[in-house]
Amino acid sequence: DEMNCSCRERLVHLNPNLICDGQIHCFDRSDEAHCKRKCKKKEFFCPKSKKCIPQASRCNGRYDCSKGDDEEDCYALVDPGSHQSRFADEGLVAVNYKSKGWQPLCVSPQDNQGIAFTACASLGFRGYEYARGEAVTDVSVAVPACTNLRVKCLTWKEGTPWLGSVLVEGELRASAALIDQSWLIINIPFCRMVNLKTQYTEVSFGHSEVSKFGIRGLNEQTRRVDNFVVVGDSNVCLIHLESPVQFNYHAQPLQISNQDIEGKHSIFGVFLRGGSPFKLNLTDSNKHCDEDSICFIVPRPPNECYIGDGMSENGFVIVETLSSTALIAMFSSYKIFCGDANEIISLKKLSPLKTSISVVTEENGKIPSVPAPACDGVRCGKCVSWAKVGDGAQDCVNYTDESSRALRDKERACQRNTSVCRCRRDQLRCGDGQCVDKGLYCNGHRDCADGSDEPAQCENSCLQYLRLTDAGKICDGVRNCFDKSDEIWSQCHNTACHLDGAYRCAGTSTCIPQEFVCDNDVDCPNGDDEQHCVAIQWTYPQRVEGLLAERRFGTWTPKCLNTTTTDFTAVCKEVGFNKAKHHELTAPNSTAAVADSFSPVRLNNRTTILLRQGRPMLEVDKNKECKYVYITCT
């Protein structure tokens, strides 16, 4: 039931509010598929605002939906003669015509500023740097000759598209700043503690609301780290990616700030909190600094100073102006923000290293690539062995180890080396290694080539079924078959006496599991496993007095009795005494222990097997009253 689930199916249990909320979060787009819309034929449904507007109001430059969703995905920047949208901060403003794709927009001079701002803002930028008309003649455009609008947008207005999550063997270990398509910057301690030859390391970008659940987001992309380069004798390390990042509005590089910060600006500390970016407001205090440092104070320390979990230690200090965002410095731990209020914090600027960093990044093709660590299984950050692939248990956070592709890869691996093979959770493994569906066991047809799925007697064949499906449950000291066939002495004589808690039958070498003791079924040759199943838990060494207890399935529990019908003298005789001298009830509202551990597993129309479902033989029934007895026997 956990195999091949769509993102939408997972969100039903994880966060149903993300389904049909008007934003595509999932890579497979299933979260916005089959959403009921109640608009008329010539109306547009505002997915965020949850209202209908006339179709003509869509992409008209005005916000007709209360949350502005009618003006989203309306504009793109294209090159002259192209009808393909691309990530860019400069180009011709285009609109999307369903029949012809993206077409340059014809504008009047008086509309230049309004359209330029709307187009750049809708693409996630702060605004525009310039906007000018550009005459274009394109016979494919609805109006063959018109004036198009060329714009240059400012930097992004919100978010941290430059921040990457660095994962080592699938676990978040640090954050890094993207400064080029193939390069990120980070503190040198991280690069020194990771061995790329043995530890698979990757960087992930474009996280969304579903990423924290281990579900791949719509704009998420991951790249393997194949080398580290230390910049001179500094504390700066550059991370090189095996393949370049595809720039888009969710993955963009961050420039390193120049030496001086002038004009109106804001400073932030940025780090990952619970896998998501967190920006901490800082107050500039550069009058206390030398020219190679930046100084600031923390008006309000982050909550993580007091919680201390779910964090990546390192992070970055950035400066934002009205037109740009730039990287100033790095820190190795967010705990630098956890000091006293108004304490001045000083960090070395990165600007003096800007030239040295450029020299390294411009030699991209000369950087040797460290081969990825070998993985005899499925790689999802960490390496999941073939034995765990397709076993029905989630080992990768995004379930890739249970995907159909992983199962196909496993089948090919099994053809090369049968020792790594294990069948899927819904299959059994024939005696010859072949995998077939469990439902084919004892169905009257030989589905295994060796016939191991059709034993001579199917009616009582739990042992044979376990041999083919989970042989580790045979002779493990736990009663997994209702008929006990998986733990009988003739089957388990080599190991039974060596298991923890084994019961040795009196006067013999036979051992049985504790769960066989006092189960109303004789298993020892002399029957001693069904003797001495009632006793008094003595509380005084001088007299036989205490709580009356019974042994069931090898476990001692207080014995439940009905005082209106119980003959206490008979109880004392049962434990070797003549009569009951005194008794009283204790804990009248206690709960009773009940035995109900086996369930019928219907494999097909011909065969049903009673199997243990992982529960203990004795469970507490909180809905049933049990009256304990305190008794003195003489």
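What I am showing is a predicted model, and every value I quote has been computed from it.

Searching the whole structure turns up 10 aromatic pairs. One of these is formed by W162 and F316, whose ring centres are 5.9 Å apart and whose planes stand at 90° to one another, which makes the arrangement edge-to-face, since angles over 60 degrees are classed that way. The pair joins distant parts of the chain, with W162 in the loop between β7 (145–153) and β8 (163–168) and F316 in strand β18 (residues 315–320), a separation of 154 residues. W162 is buried as well, its relative accessible area being 0%.

As a general remark, nonpolar side chains in soluble globular proteins tend to be buried together.

To see the surroundings of one of those residues, take L238, which, leaving aside residues up to four places away in sequence, has contacts that include I179, W183, L184, I185, F228, I357 and V360.

Staying with rings for a moment, F271, F278, F296, F331, Y334 and F337 form one aromatic cluster. There are also charged groups over ring faces: R479 lies over the face of F482, 5.3 Å from the ring centre, and K484 lies over that of F516, at 4.5 Å from its centre.

Helix α6 (residues 404–416) has 13 residues and spans 19 Å between its first C-alpha and its last, close to the expected 18 Å. On which side of α6 do its buried residues lie, the same side or opposite sides? The residues concerned are A406, L407, K410, A413 and C414, and because they cover an arc of only 115° around the axis, they fall on the same side of α6. R405, Q415 and R416, on the other side of α6, are exposed. The cover over the buried residues includes β21 (377–380).

Helix α1 (residues 7–14) can be read in a similar manner: its buried residues are C7, R10 and L11, and their arc of only 100° around the axis places them on the same side of α1.

I will finish with R602, which belongs to strand β31 (residues 598–602) and is exposed, with a relative accessibility of 56%. Setting aside residues up to four places away in sequence, R602 touches T607 and T608. Between R602 and G439 there are 163 residues of sequence separation, yet the distance from C-alpha to C-alpha is 8.3 Å.

Technical notes. Residues numbered from 1 in each chain as written. Predicted model: local features only at pLDDT ≥ 70, side-chain atom pairs only at ≥ 80, totals over all residues. Heavy atoms only, no water. Phe/Tyr/Trp six-rings, centres within 6.5 Å; stacked < 30°, edge-to-face > 60°. Helix = DSSP H or I, 4+ residues; strand = E, 2+ residues; numbered from the N terminus. Buried < 20%, exposed > 50% of the residue type's maximum accessible area, 1.4 Å probe, protein only. Lys NZ or Arg CZ within 6 Å of the ring centre and 35° of its normal. Expected span 1.5 Å × (residues − 1). Arc of directions from axis to C-beta. Contact = heavy atoms within 4.5 Å.
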